[in-house]
Amino acid sequence: MSAGMKPAVLVARAMYPETLARLQQHFEVEANPDDEVFSPVALSARLVGKVGAITTGSERIDAAVLAAHPQLRVVANMAVGYNNLDIAAFDAAGVLATNTPDVLTETTADFGFALMMATARRITESENYLRAGRWTQWRYDMFTGPDVHGATLGILGMGRIGQAIARRGALGFGMKVIYTNRSRLAPELEAPLGARYVDKATLLREADHLVLVLPYSASSHHAIGAAELAQMKPTATLTNVARGGIVDDAALAVALAERRIAAAGLDVFEGEPAVNPALLDLPNVVLTPHIASASERTRRAMADLAADNLIAALTGGRPLTPVNPGVLPLRA
Ligand code: DGY
């Protein structure tokens, strides 16, 4: 890059015009207004000459991509989850990864709770019935489902979002909260929620409504499969607002079809945006297209934070939310 030229960055997916304008003050920006989801080959072509990129969960950046683009210094992921980035490879290459935590916690918790309630109270299923013109009379047992208030809320993955969902359940709906996590919460976090730290078998056995909020990794792949579903109550619901692949969707479809659990609410899917066709045929599953963080304000905050991280990292500032701060300071 010669003196006076702005560094080049890629914004890999469509982006708020205001965010692009801000990035353009600092960088030569290659945007993607058509919102094409790049194949690995197309993504690699777009990364030629770029020192930074804003990505989403749909762009995978691994050791091969980093090796092919040694000029790349920062990848700012517009998501709290970063399982699309191979962080060990980033560390080895001295490339910074950033994510967007905190700004989406409450919005995602709102949605997780709403999806759990919609699942328990059969909102999609009953609305479909009504829209199909099948509602002819009130009936005492029509679309009865499990209660939410007072029930046992099980949380797998008690990070920021898990705790925010637990707060809603405990403080708003009088739910008993049990959770499984890599480590136990500090007593001052547990106490206001009355949350009980349990092992996974207890969580599966006791939860009336199980909500998954853990990051995806090799160790959480199919954390909920046929064996785990078999341990749940037949009246229980399962809600996944974490990542596709944490649930074995094929095993879940079988468990739902055989009513081995009552219902599921899924915002994320293995291989999304493809959805296992067996799930699409079932009445007792609520399906949404990965929108848990999608409030207007929060998506803007995520875009702003990704942009802030990219700008700071490439202009000598301190990125706000680095995933692998060990690579700082970045090479010039
Ligand atoms: C996240 O932030 O990880 C959400 O799933 C959006 O990708």
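**View 1. R46 is partly exposed, at 26% relative accessibility.** The word "buried" covers anything under 20% relative accessible area, "exposed" anything over 50%, and "partly exposed" what falls in between (1.4 Å probe, protein chains only). Before you zoom in further, note that this is a predicted model: local features need pLDDT of at least 70, side-chain atom pairs count only at pLDDT 80 or more, and totals for chains, interfaces and linings use all residues. Residues are numbered from 1 along each chain as its sequence is written, and side-chain values use heavy atoms, with hydrogens and water left out. R46 forms a salt bridge with E30 (a side-chain nitrogen of Lys or Arg within 4 Å of a carboxyl oxygen of Asp or Glu), and their closest N and O atoms are 3.1 Å apart. The pair links distant parts of the chain, since E30 sits in strand β2 (residues 28-30) and R46 in helix α2 (residues 40-47), 16 residues apart. Helices (H or I, at least four residues) and strands (E, at least two) are DSSP runs, numbered from the N terminus. E30 is partly exposed too, with a relative accessible area of 27%. Look around and you'll find a network of salt bridges linking E30, E36, R46 and K50.

**View 2. Here R168 meets E106 in a salt bridge, side chain to side chain (2.8 Å, N to O).** R168 belongs to helix α7 and E106 to helix α5, so the pair ties together parts that are 62 residues apart in sequence. R168 counts as buried, at 18% relative accessibility, whereas E106, at 37%, counts as partly exposed. Side chains of opposite charge can pair when their charged atoms come close.

**View 3. D141 and R139 make another salt bridge, at 2.5 Å from N to O.** D141 has a relative accessible area of 30%, which makes it partly exposed. R139 is also partly exposed, at 42% relative accessibility. Across the whole structure, a search finds 20 salt bridges.

**View 4. Time to look inside, at a nonpolar core: buried Ala, Val, Leu, Ile, Met, Phe, Trp, Tyr and Cys residues joined through side-chain atoms within 4.5 Å.** The largest one has 48 residues, and L23, I54, M158, I165 and L310 touch the most other members. Among the elements that each supply at least two residues are β1 (8-11), α1 (17-24), α5 (105-120) and β7 (176-180). Helix α13 gives the most, with eight residues. Domain 1 (8-103 + 296-327) and domain 2 (105-287) both contribute residues, so this core lies between them. Apart from this core lies another, of 30 residues, including I178, I224, L229 and A253.

**View 5. Seven strands line up in an open sheet, in the order β8-β7-β6-β9-β10-β11-β12, with parallel pairing.** β8 (196-197) and β12 (285-287) stand at the edges with a single partner strand each, so one side of each has no neighbour in the sheet. Two strands pair if DSSP finds at least two bridges between them. Four bridges join β10 (residues 237-240) to β11 (residues 263-266), and L238 stands opposite A264 in β11.

Terms used:
Domains from an automatic or database assignment.
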